[in-house]
Amino acid sequence: MEEEKRQKFRQALRDVKNLPTLPAVVMKLTKMAEDPDVTTEQMGRVISKDHILGAKLLKLVNSAFYGFPQRISSLQSAIILLGFSVIKSLIISASIFEFMEDNDRELWEHSLGCAVVCNVLARRLAVSDPEEISTAGLIHDIGKVAIKMELAQEYREIEAMVHDRGISMREAETEVLGFNHAEVGGWLAKTWNLPSKLVEPVAMHHNPAGAKKEKLAAAIVHVGDIIIRGMGLGHGEDIWVPALAQSAWQLLKLTAADLDEILLEVEEKLWEVKGFSLDIMAEFEAKAD
Amino acid sequence: MQKILTAQATEGMVLAREVEAPDGRVLCGKGTVLTSSLILRLQQMDIPSVTVDGHPLEVAGELTIEAELQAIEARSSRVTSTPPLMYIKKKIMERAVAARHA
């Protein structure tokens, strides 16, 4: 791979011209978050000015992958409970996944499913911020969306290689582009100024040993992706469960009994996520009527 | 058990899970036999989906249990030397079989 070509692809993805531009509200909220005098109430009001965004956010916040026992009915309490960086990445995902819901339902369901597994794992391991890890799971494949949107021709080439040669998507990506979707996702998350708790797990979900600060978060998203693929919510013709990084597995210290319970819990919660897609379908049908 | 759209529900189906209103109130319990008036009421209340016993609806593209087990086997075929993943595979297969009988 010539360095020049690689740079060109890199630049195209960094510019993300076709990705839905970050809603102006994110910029505004970022500014507000830096101001110590701004209250969460004021931030909630800014979000709810966009009714669709407000409704979408509450729907995401109340979905199975955060697993809050009670319903969160106001944006203000969502900001307090989830923290600003999670809300910010949810606003970003809401706009990016809008594209996915219509164009790549499978990747959307894989992402929702991964968020569920990450949540179950994070709670079992009693990490301090399970919501951030669920969110990292939700956006872990965001690099795939970016490649598909910005480098459509190369994406088709990658898909054809997976189909013809039975290699994994990330192998094909590396061959065609010189980097894979995890790295792309990491760049994007960085561009959006997301915290390293979100950037590292996204960037390192296929190489958790490469995480520097957030080793446990990266390990959880790595294993979450593997488990959800094992359960059949994968993406594309790259059907294979990816290799497990020993270092990540050792970090989680899960026993067979843990795994039994985790799988049950995930299955239970996936019913709710299936409902999430069904809800979307019902909305869609209602619109078509 | 199977999750279906309320619009797909028909009389005589049995609820495998309780139906909750959006505010968390339980509307009808597990084991309730659906009647046409009940289905109508759920639709009027904008309950999008319900979970029922058995597997009453054929979903386009859904696999037979044999094909599903084969698919699980196929996607795990490149990690056969990783014991934890083989354990997970075994468990997923057991759950797949159990789900058809529930």
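User: Is A:A126 buried or exposed?
Analyst: In this predicted model, A:A126 is exposed, because its relative accessible area is 63% and the cut-off for exposed is over 50%.

User: Where is A:A126 placed?
Analyst: A:A126 sits in the loop between α7 and α8 (130-139) of chain A.

User: What about its phi, positive or negative?
Analyst: The phi of A:A126 is positive, at about 50 degrees, although the residue is not a glycine. As background, most residues other than glycine have a negative phi.

User: Which residue of chain B has a positive phi without being glycine?
Analyst: B:D46 is such a residue, with phi near 65 degrees. B:D46 is found in the loop between α1 (36-44) and β4 of chain B, and at 63% relative accessibility it counts as exposed.

User: Changing topic: how many salt bridges are there over all chains?
Analyst: The search of the whole structure gives 16 salt bridges. In general, side chains of opposite charge can pair when their charged atoms come close.

User: Which residue does A:K148 form a salt bridge with?
Analyst: The partner of A:K148 is A:D104, and the closest N and O atoms are 3.4 Å apart. This pair links distant parts of the chain, 44 residues apart: A:K148 is in helix α9 (residues 142-150) of chain A, and A:D104 is in the loop between α6 (84-103) and α7 (105-124) of chain A.

User: And A:D104, buried or exposed?
Analyst: A:D104 counts as buried, because its relative accessibility is 9% and the cut-off for buried is under 20%. A:K148, at 25% relative accessibility, counts as partly exposed.

User: Which residues are linked in a network of salt bridges?
Analyst: A:R124, A:D258 and A:E261 are linked in such a network.

User: How far apart in helix α14 are A:D225 and A:R229?
Analyst: They are four residues apart in helix α14 (residues 215-230) of chain A, so about one helical turn separates them.

User: What is the relative accessible area of A:R229?
Analyst: For A:R229 the value is 4%.

User: What does the side chain of A:R229 reach at 3.1 Å?
Analyst: At that distance the side chain of A:R229 reaches the backbone oxygen of A:D238. Beyond its neighbours within four places in sequence, A:R229 is in contact with residues including A:H110, A:K144, A:W240 and, from the other chain, B:R75.

User: Now the two chains. How many residues does the contact take from each?
Analyst: Chain B gives 25 residues to the contact and chain A gives 33 residues. The area buried between chain B and chain A is about 2400 Å², and carbon and sulfur atoms give 66% of that area.

User: Which three residues supply 27% of the area that chain B buries?
Analyst: B:K3, B:R75 and B:R78 supply it, more than any other three residues of chain B against chain A.

User: How many salt bridges are counted between chain B and chain A?
Analyst: The count is three salt bridges. One of the pairs is B:R17 with A:E268, where the closest N and O atoms are 2.8 Å apart. B:R17 lies in the loop between β1 (2-5) and β2 (19-20) of chain B, whereas A:E268 lies in helix α16 (residues 256-288) of chain A, so this pair joins two chains. A:E267 also forms a salt bridge with B:R95, at 2.6 Å between the closest N and O atoms.

User: Which element gives the most to the side of chain B that touches chain A?
Analyst: α3(B) does, with seven residues. The elements that give two or more residues to that side are β1, β4, α2 (65-75) and α3 (83-101) of chain B. By type, the residues of this side divide into 12 nonpolar, six polar and seven charged.

User: What joins β1(B) to strand β4?
Analyst: Four bridges join β1(B) to strand β4 (residues 49-52) of chain B, and the two strands run antiparallel. B:K3 stands opposite B:T51 in β4(B).

User: Which way do the residues of β1(B) point?
Analyst: B:Q2 and B:I4 point one way, B:K3 and B:L5 point the other way, and all are buried.

Note on methods:
Residues are numbered from 1 along each chain as its sequence is written. Chains are lettered from A and ligands numbered from 1 in the order in which they are written. This is a predicted model: local features need pLDDT of at least 70, side-chain atom pairs count only at pLDDT 80 or more; totals for chains, interfaces and linings use all residues. Side-chain values use heavy atoms; hydrogens and water are left out. A salt bridge is a side-chain nitrogen of Lys or Arg within 4 Å of a carboxyl oxygen of Asp or Glu. Buried means under 20% relative accessible area, exposed over 50%, partly exposed in between (1.4 Å probe, protein chains only). Two strands pair if DSSP finds at least two bridges between them. Contact means heavy atoms within 4.5 Å. Buried area is the accessible area (1.4 Å probe) that two parts lose on being put together, summed over both. Ala, Val, Leu, Ile, Met, Phe, Trp, Tyr, Cys and Pro count as nonpolar, Asp, Glu, Lys and Arg as charged, and the others, Gly among them, as polar. A polar contact is a pair of N or O atoms within 3.5 Å; within protein, one must be able to donate a hydrogen and the other to accept it, and residues adjacent in sequence count only if both atoms are side-chain atoms.
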